[in-house]
Amino acid sequence: MKEYLKRLNDEQKKAVKHFKGPCMVLAGPGTGKTTIIVNRIMSLIKDYDINPSNILVVTFTKAAAKEMEERFSNINEHIRKYREVTFGTFHSVCFRILKHYKNYKLENLIKEKEKYVIIKSIIKTLGYDFYGDEQVLEDIVHELCYIQDMLIYDGGYNPVSCDYSKFWKINEKYKNYKIEKNKFDYEDMITHCYELLIDNNSVLNTLRGKYKYILIDEFQDINIAQFETMKLIAYPNNNLYVVGDD
């Protein structure tokens with residue numbers, strides 16, 4: 001038996017040895033989700049001769065991505081080419097794509113605190129009397145994020161934070177503000193990347209040629225925009241391997 005498989009139980013071995021096509025691994029806390037992903041990368045490279053540069057590993061936090069990369073590096077510290085595996089968060093992966101193909105710059109990113117100030121100012125400018133209500137403001141910001149995460153476009157959502165027409169007017173003004181100021185926020189990193197892939201076949205095909213095997217950690221936390229973006233890149237081979245807690 002291969003050395004890296006000896007420490008795994010039968011279910012973990014079965015998950016690790018999966019090769020082509022989509023695969024969903026259900027794994028609760030403490031069952032070795034990171035171990036499964038790290039060893040599955042090993043299996044792709046060692047057992048199936050997959051080029052490390054064709055493997056993309058995505059998770060939700062910098063800390064999780066860093067831990068996974070470090071654990072993989074620690075067992076392959078003397079093999080330089082293994083460093084070509086791409087590890088990152090959804091936001092970092094999408095931002096790299098936008099930076100490369102559309103010249104996005106981090107200096108144009110709207111931070112979360114700044115976002116609240118901008119939206120509060122928009123509400124006040126529109127003459128809505130709830131601009132000073134912090135709870136309503138928080139709810140509006142939350143729902144503005146939600147419609148982007150869920151790829152809901154103009155008018156396709158009935159808000160609970162405020163009146164329907166007022167909500168969509170705020171959304172319109174905020175979108176126009178970002179365009180005029182050449183700014184983007186965290187949600188835009190995903191949705192703008194998704195839209196780039198939808199609109200530009202050349203970019204999409206380049207990424208499909210590069211990231212032939214995609215692994216996603218903490219899959220239970222994924223939103224529609226993130227999932228649709230990864231599905232676009234994974235198509236048509238659909239080598240999409242997801243690990244999560246049901």
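Of the 246 residues in the chain, 48% are buried, where buried means under 20% relative accessible area, exposed over 50% and partly exposed in between, with a 1.4 Å probe and protein chains only. This is a predicted model, in which local features need pLDDT of at least 70 and side-chain atom pairs count only at pLDDT 80 or more, while totals for chains, interfaces and linings use all residues. Residues are numbered from 1 along each chain as its sequence is written, and side-chain values use heavy atoms, with hydrogens and water left out.

**Overall build**

- The chain holds ten helices and five strands, taken as DSSP runs (helices H or I, at least four residues; strands E, at least two) numbered from the N terminus.
- Its C-alpha trace spans about 70 × 40 × 30 Å along the principal axes.
- Of the contacts (heavy atoms within 4.5 Å) with a separation of 6 or more, 71% join residues 24 or more positions apart.

**Backbone geometry**

- Most residues other than glycine have a negative phi, and most peptide bonds are trans.
- Asn 182, in the loop between helix 7 (164-181) and helix 8 (186-199), has a positive phi of about 55° and counts as exposed at 55% relative accessibility.
- Glu 218, in the loop between strand 4 (213-216) and helix 10, also has a positive phi, of about 50°, but is partly exposed at 24%.
- The peptide bond from Tyr 235 to Pro 236 is cis, with omega near 5°, and Pro 236 lies in the loop between helix 10 (224-234) and strand 5 (240-244).

**A glycine in helix 9**

- Gly 209 belongs to helix 9 (residues 201-210) and is partly exposed, with a relative accessible area of 38%.
- The C-alpha atoms of Gly 209 and Asn 54 are separated by 7.8 Å, although the two residues are 155 apart along the chain.
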